[in-house]
Amino acid sequence: MQYMLLAYTDPKGFAAMKPDDAQKAMAAYAAFGEALRKDGLLVSSNRLRPTADSTTVRIADGKTRVLNGPYAETKEELGGYFLIDVRDLDAALSWAARCPAASHGVVEVRPVWAM
Amino acid sequence: MDIGEGDGRARETAESVARRSYGKLVAFLAARTRDVAGAEDALSEAFASALAHWPANGVPDNPEAWLLTAARRKSIDTARKRRRGEDASDHMKLMADELASANDNEIPDDRLALMFTCAHPAIDAAIRAPLILQTVLGFDAATIASAFLVAPSSMSQRLVRAKTKIREAHIPFRVPERADLRERLDAVLEAIYAAYSEGWSDPAGADLRRRNLAEEAIWLGRLVVSLLPDEPEALGLIALMLHAEARREARRNALGDFVPLSEQDPSRWNTAMIEEAEQSLHRASTMHAIGRYQLEAAVQSAHAVRRLTGRTDWVAIERLYEALWNITQSPVVAINRAVAIAETMGATAGLSALDEFVTDSRLAGYQPYWATRAELLARAGNVSEADAAFERAIGLESDSAIRRFLQKRRANLA
């Protein structure tokens with residue numbers, strides 16, 4: 001069963017860190033991803049650029065509208081994801097709790113739609 | 001259709017199996033297919049087909065196994081329709097094997113696992129109790145809706161949504177491991193207690209459905225204790241429910257009027273229930289892990305002691321509410337503690353304990369807060385403020401028997 005762990009964090013918090021702390025924070029994410037990979041549970045993962053680099057596209061009345069910025073402005077934004085393959089929701093939740101984002105943001109656990 | 005003797009017996013057997021085994025069969029099927037709604041549908045079709053077959057062919061030797069076989073066939077069909085793609089046939093084979101592996105004479109009891117699924121933290125807390133009532137006890141959405149004062153359509157919608165989430169998010173069917181057990185058990189006990197409370201709030205004793213809900217909640221509490229015999233809080237909850245249930249009849253007099261606990265005739269309390277409650281609480285206390293339900297049951301026990309000594313043990317009650325307050329910080333507990341303080345140290349002391357909560361917005365619309373305030377003010381001789389507090393309490397009460405009781409108290413003020 002695949003679940004997407006969506007890591008929502010406040011990018012300002014990260015930007016305000018001293019380089020040393022920022023490196024530690026990145027290392028924590030790397031260790032989390034590595035632990036998933038070692039257990040053979042990681043399908044894929046990526047860190048996302050901040051929403052300042054985001055662009056949204058919508059077609060209305062046959063016209064393509066391209067807008068600068070994210071779909072929704074929120075304090076905490078989607079900063080990355082881990083797509084994992086585990087037994088059930090409990091297993092997914094226990095991995096979500098280990099994700100560093102759970103400590104300084106929130107992690108949303110979404111089951112992947114089985115086709 | 002002509003209902004002959006055979007039909008009658010078939011129906012009776014089907015109904016008695018339904019009563020006894022419904023939750024067990026749903027739990028067995030759902031634990032293997034992860035599909036609660038599908039299990040319920042399969043089972044109701046199995047019951048319908050039993051009613052069609054049994055009158056003609058006789059009631060089978062093992063009706064439970066017959067129903068399970070019929071329901072099993074049906075749920076494999078349903079899952080086949082839902083599943084498509086490459087892994088469908090493998091998955092189907094696995095599921096069919098798993099469903100077939102159970103010995104028909106001994107259907108494994110997965111009801112506890114089912115309750116943990118329904119009370120999973122990923123399920124909306126407000127729907128956990130209704131979900132348990134429906135899946136384990138077979139209550140229909142309309143009955144549950146009326147007990148929880150929710151519109152039937154929105155109740156059934158919320159139940160459907162929760163079952164879809166169980167299936168699609170793969171919420172597991174299992175009793176949690178030791179590390180999580182206590183916390184998860186709390187949610188199960190909370191759901192059972194919520195069901196009991198709904199069944200208890202019927203002072204007129206007129207609503208059979210509610211009373212049934214209370215009995216079923218006690219049955220669920222007993223089930224949890226029988227499956228997890230070493231959990232002190234489960235024992236505490238059963239003790240609490242039995243103590244309350246023991247006083248059900250004494251809550252109203254011959255005219256149907258509400259009688260508060262302090263004025264109840266202890267000879268009308270159910271002794272057998274009180275004794276069972278006391279035994280459960282005693283067993284819980286030997287496990288040395290105090291908790292909310294044990295403390296609340298101990299309060300009830302201190303009230304019940306009046307049947308033996310003629311006096312309520314208010315000193316113990318005050319201490320117990322103090323401990324409960326430390327655990328829960330609940331304003332409802334604070335009100336009860338104030339009542340106990342009024343008994344041990346006088347109405348004025350009780351009132352000042354209550355005054356600490358005068359600004360708590362959660363209590364502004366809470367009838368027992370105003371009724372308690374009114375009683376204590378009256379005892380302290382402050383008639384005009386007592387009158388205002390009674391008025392507020394009466395305005396907030398929805399039960400006519402309690403409203404009448406409060407009105408009588410108010411009229412007696414002067």
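**Figure 1. Chain A from end to end.** Following the sequence of chain A, you pass through the pattern β-α-α-β-β-β-β-α-α-β. That makes four helices and six strands in this chain. The model shown here, and in every view below, is a predicted one. Along the principal axes, the C-alpha atoms of chain A fill a box of roughly 50 × 45 × 20 Å. Of the 115 residues in chain A, 31% are buried. Take the contacts in chain A between residues at least 6 apart in sequence: 74% of them join residues at least 24 apart.

**Figure 2. Where chain A meets chain B.** Nine residues from chain A and 11 residues from chain B make up the contact. About 770 Å² is buried between the two chains, with carbon and sulfur atoms giving 49% of that area.

**Figure 3. A salt bridge across the contact.** Here Asp90(A) pairs with Arg174(B) in a salt bridge, and their closest N and O atoms are 3.6 Å apart. On the side of chain A that touches chain B, helix α3 (residues 89–98) gives the most, with three residues. By type, the residues on this side of chain A are six nonpolar, no polar and three charged. Between chain A and chain B there are three salt bridges in total, and five residue pairs are in polar contact.

Conventions. Residues are numbered from 1 along each chain as its sequence is written. Chains are lettered from A and ligands numbered from 1 in the order in which they are written. This is a predicted model: local features need pLDDT of at least 70, side-chain atom pairs count only at pLDDT 80 or more; totals for chains, interfaces and linings use all residues. Side-chain values use heavy atoms; hydrogens and water are left out. Contact means heavy atoms within 4.5 Å. Buried area is the accessible area (1.4 Å probe) that two parts lose on being put together, summed over both. A salt bridge is a side-chain nitrogen of Lys or Arg within 4 Å of a carboxyl oxygen of Asp or Glu. A polar contact is a pair of N or O atoms within 3.5 Å; within protein, one must be able to donate a hydrogen and the other to accept it, and residues adjacent in sequence count only if both atoms are side-chain atoms. Helices (H or I, at least four residues) and strands (E, at least two) are DSSP runs, numbered from the N terminus. Ala, Val, Leu, Ile, Met, Phe, Trp, Tyr, Cys and Pro count as nonpolar, Asp, Glu, Lys and Arg as charged, and the others, Gly among them, as polar. Buried means under 20% relative accessible area, exposed over 50%, partly exposed in between (1.4 Å probe, protein chains only).
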